[in-house]
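Please look through the sequence and the coordinates below, and then follow the explanation with the structure open beside you.

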Amino acid sequence: MLRLSVLGSGSSGNAAVVCLGDDTRILVDAGLSARQLCLRLETVGIEPDSLTGIVLTHEHGDHSCGLDVFLRKREIPVFATRDTSLLVSEKLKSPVPWRIFEAGAAFEVGEAVVESFNVPHDAADPVGFVFRGSCSSVGVLSDVGHVTQVIIDRLHGVDTLFTEANYDEVMLQNDIKRPWATKQRISNRHGHLSNDQTADLISAVARQNLHRVVLGHLSSDCNSPEQALRVIRERLEREGFPHVDLECACRKKPTPLKEAAAPAAVSGPNVEHHEVKYPTAEGTNENRVREDQQPDRRRENGPALTVPEPAFEQTEWAF
Ligand SMILES: [Zn+2]
Ligand SMILES: [Zn+2]
């Protein structure tokens with residue numbers, strides 16, 4: 001079963017980790033300081049030296065700034081598109097064991113299959129990912145100006161979705177700190193997603209197996225966890241997905257490392273199983289036992305995780 005923890009997310013830095021079984025641990029972006037990457041990996045029970053690979057969505061500093069120091073003592077392959085690797089390399093002092101893929105291609109990292117896909121953002125060759133294990137999938141989408149059909153097709157039917165919900169449209173319009181040009185850059189078709197755009201995306205890709213949604217890259221001035229959760233929760237309930245485990249990633253501490261899908265066949269006196277039919281991306285139907293009514297979902301929610309403050313300055317307008 002795949003598991004996901006978002007180690008930190010926001011304009012000041014982004015990183016997540018996806019694990020599969022005992023042997024596959026993939027860092028997704030390295031936009032925290034090396035010290036924070038290590039601390040937060042250890043907080044969720046992962047030894048930093050044990051990573052199987054690192055995958056990068058794009059070259060912006062809030063997704064790659066920790067890579068140089070983190071890799072000085074470690075030989076971990078880094079998977080990126082060619083343009084992303086070239087731009088990140090310009091900022092690195094040490095050589096990186098690059099593994100180049102083309103946007104749209106799938107590749108293996110450990111036992112996981114990683115599918116990449118193009119996304120519109122003001123970077124050289126930005127991508128999103130779907131991670132697949134034998135019985136679960138995790139979609140990762142960050143830094144996207146607008147939702148394309150390719151994004152919907154690729155994320156359709158994932159078990160867990162980590163997606164940005166960057167700004168609230170009214171809060172962004174009313175913000176007095178940012179110049180007009182910056183507001184335009186955030187909200188244009190190669191900037192970031194608003195809460196409403198993220199809600200539309202979730203409506204388009206959600207199927208009954210959708211188990212968990214983590215919202216990330218929230219603007220500290222132009223959004224709030226309460227507002228983002230309210231908008232997305234309302235949409236999930238309206239679309240018939242009130243059971244989805246919904247949370248906001250945080251800038252300063254990791255989310256718990258949780259399983260991507262509901263347990264497939266947990267037996268016990270208080271557990272009911274439902275056979276759910278849902279269309280695949282190709283439009284065919286398949287039968288899978290995916291949804292269990294868990295009387296007590298709290299057992300998945302570990303205690304709040306705390307780590308020391310980040311050792312870097314927050315740059316709210318970073319992309
Ligand atoms: Zn970016
Ligand atoms: Zn970013």
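In this predicted model, Val138 has Thr160 of strand E11 as its bridge partner. This pair can be read together with the joining of strand E10, residues 137-141, to strand E11, residues 160-164, where the two strands run parallel and are held by four bridges. In general, the strands of a sheet pair through backbone hydrogen bonds, and they do so either parallel or antiparallel.

Helices lie against this part of the fold. Helix H8, which covers residues 195-205, packs on the sheet and touches both E11 and strand E12 (212-216), and its direction makes about 155° with that of E11. Helix H9, made of residues 225-238, also packs on the sheet, where it touches E12 and E13, with its direction at about 160° to that of E13.

Taken as a whole, the sheet is open and has seven strands in the order E7-E8-E9-E10-E11-E12-E13, with mixed pairing. Strand E7 (106-109) and strand E13 (245-248) each have a single partner strand and stand at the edges, so one side of each is left without a neighbour in the sheet. On average, and with direction ignored, neighbouring strands of this sheet are turned by 15° against each other.

Asp29 is located in the loop between strand E3 (24-28) and helix H1 (34-43), and it has a positive phi of about 70° although it is not a glycine. Asp29 counts as buried because 30 other C-beta atoms lie within 10 Å, the cut-off for a buried residue being 20 or more. His217, which is found in the loop between E12 and H9, likewise has a positive phi, near 55°, in a residue other than glycine. With 28 other C-beta atoms within 10 Å, His217 is buried.

Arg82, in helix H4 (residues 82-89), is partly exposed, with 14 other C-beta atoms within 10 Å. Although Arg82 and Ala124 are 42 residues apart along the chain, their C-alpha atoms are separated by 9.4 Å.

How values were computed:
Residues are numbered from 1 along each chain as its sequence is written. Chains are lettered from A and ligands numbered from 1 in the order in which they are written. This is a predicted model: local features need pLDDT of at least 70, side-chain atom pairs count only at pLDDT 80 or more; totals for chains, interfaces and linings use all residues. Two strands pair if DSSP finds at least two bridges between them. Axes are lines fitted to C-alpha atoms, for helices over the stretch in contact, and angles run from 0 to 180 degrees between N-to-C directions. Two residues are in contact if their C-beta atoms, placed from the backbone, lie within 7 Å. A residue is buried if 20 or more other C-beta atoms lie within 10 Å of its own, exposed if 12 or fewer, and partly exposed in between; C-beta atoms are placed from the backbone.
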